[in-house]
Amino acid sequence: MAERKIILILSGEISSGKSTLSNQLYTEFDFKQCKTRDGLKVHAYNKKIDVTNREEFQNFGRKLDQHNKGKWVLEYFQDLYANTFAENKYYVIDSVRISDQIKHFRDSYSHSVVHVHVKASSYTLEQRFQARGEIAALSKTIAKNKYKEYKLDETEKHVPMLETD
């Protein structure tokens, strides 16, 4: 019997450890990575839209989600691995932000899809956020304010609900 494919879909709040887990799966078990951050950058580049700051980036992602109910993530994954999908068994999607993104993968790949919601305590999330490269150089006050600002994003506020998807 052939070994089945696994498409692991990661969700979780900012700084929960999604990318760390994705990178470990790539390094330790040869999971092929699909980073939605890169997918957004590709879409923005193709549409000649500047997404150099996080707010623009989040707004662009939200508009893409609204345009096709998050199907852009599945389409980016399929484009990324169109020529090698048959050759590989393990994939990780880093990360999804709305339930429709998970649904599109389940509709397309059914039993191969496993959704994992990565969690950490509020304290740990904030500490990890402040340790990020682009944030670590900021003063504590500015870093705390940025964290609060990011957590208030409409999409980010709904991410914890993905735990039950």
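## Helix packing and nonpolar cores in a predicted model

Leaving aside neighbours within four places in sequence, Arg 106 is in contact with Val 113, His 115 and Asp 165. The structure described here is a predicted model. Arg 106 lies in helix α5. Is this residue buried, partly exposed or exposed? With a relative accessibility of 34%, Arg 106 counts as partly exposed, because that class lies between the limits of 20% and 50%. Between Arg 106 and Ile 93 there is a separation of 13 residues in sequence, and their C-alpha atoms are 13 Å apart in space.

The packing of helices comes next. Two packed helices are described by the angle between their axes and the distance between the axes. The table lists these values for two pairs.

| Helix pair | Distance between axes | Crossing angle |
|---|---|---|
| α4 and α5 | within 7 Å | roughly 50° |
| α6 and α8 | within 10 Å | roughly 120° |

The helices α4 and α5 are therefore oblique to each other. On the α4 side, the contact is made by Lys 71, Trp 72, Val 73, Leu 74, Phe 77 and Gln 78, and on the α5 side by Gln 101, His 104, Phe 105, Ser 108 and Tyr 109. By class, this contact of α4 with α5 has 6 nonpolar, 4 polar and 1 charged residues.

Helix α6 covers residues 122-131 and helix α8 covers residues 140-151. Their crossing angle makes α6 oblique to α8, and the crossing is right-handed. From α6, the contact involves Ser 122, Leu 125, Glu 126, Phe 129 and Gln 130; from α8, it involves Lys 140, Ala 143, Lys 144, Lys 146, Tyr 147, Tyr 150 and Lys 151. Sorted by class, the contact of α6 with α8 contains 5 nonpolar, 2 polar and 5 charged residues.

Which residues touch the most other members of the largest nonpolar core? Of its 23 residues, these are Ile 7, Ile 9, Phe 77, Ile 93, Phe 105 and Tyr 109. The elements that contribute two or more residues to this core are β1 (6-12), α2 (36-46), α3 (54-68), α4 (71-80), β3 (90-94) and α5 (99-109). The largest share, 5 residues, comes from α4. Not counting residues up to four places away in sequence, Tyr 109 touches Ile 7, Leu 74, Phe 77, Gln 78 and Phe 85. A second, separate core has 7 residues, including Ile 14, Phe 129, Ala 143 and Tyr 147. Among these, Phe 129 of α6 and Ala 143 and Tyr 147 of α8 also take part in the contact between those helices.

Terms used:
Residues numbered from 1 in each chain as written. Predicted model: local features only at pLDDT ≥ 70, side-chain atom pairs only at ≥ 80, totals over all residues. Heavy atoms only, no water. Axes fitted to C-alpha atoms, helices over the stretch in contact; angles between N-to-C directions. Helix = DSSP H or I, 4+ residues; strand = E, 2+ residues; numbered from the N terminus. Parallel < 35°, antiparallel > 145°, perpendicular 65-115°, else oblique. Left-handed = near helix turned anticlockwise from the far one by under 90°. Contact = heavy atoms within 4.5 Å. Nonpolar A, V, L, I, M, F, W, Y, C, P; charged D, E, K, R; others polar. Core = buried A, V, L, I, M, F, W, Y, C linked by side-chain atoms within 4.5 Å. Buried < 20%, exposed > 50% of the residue type's maximum accessible area, 1.4 Å probe, protein only.
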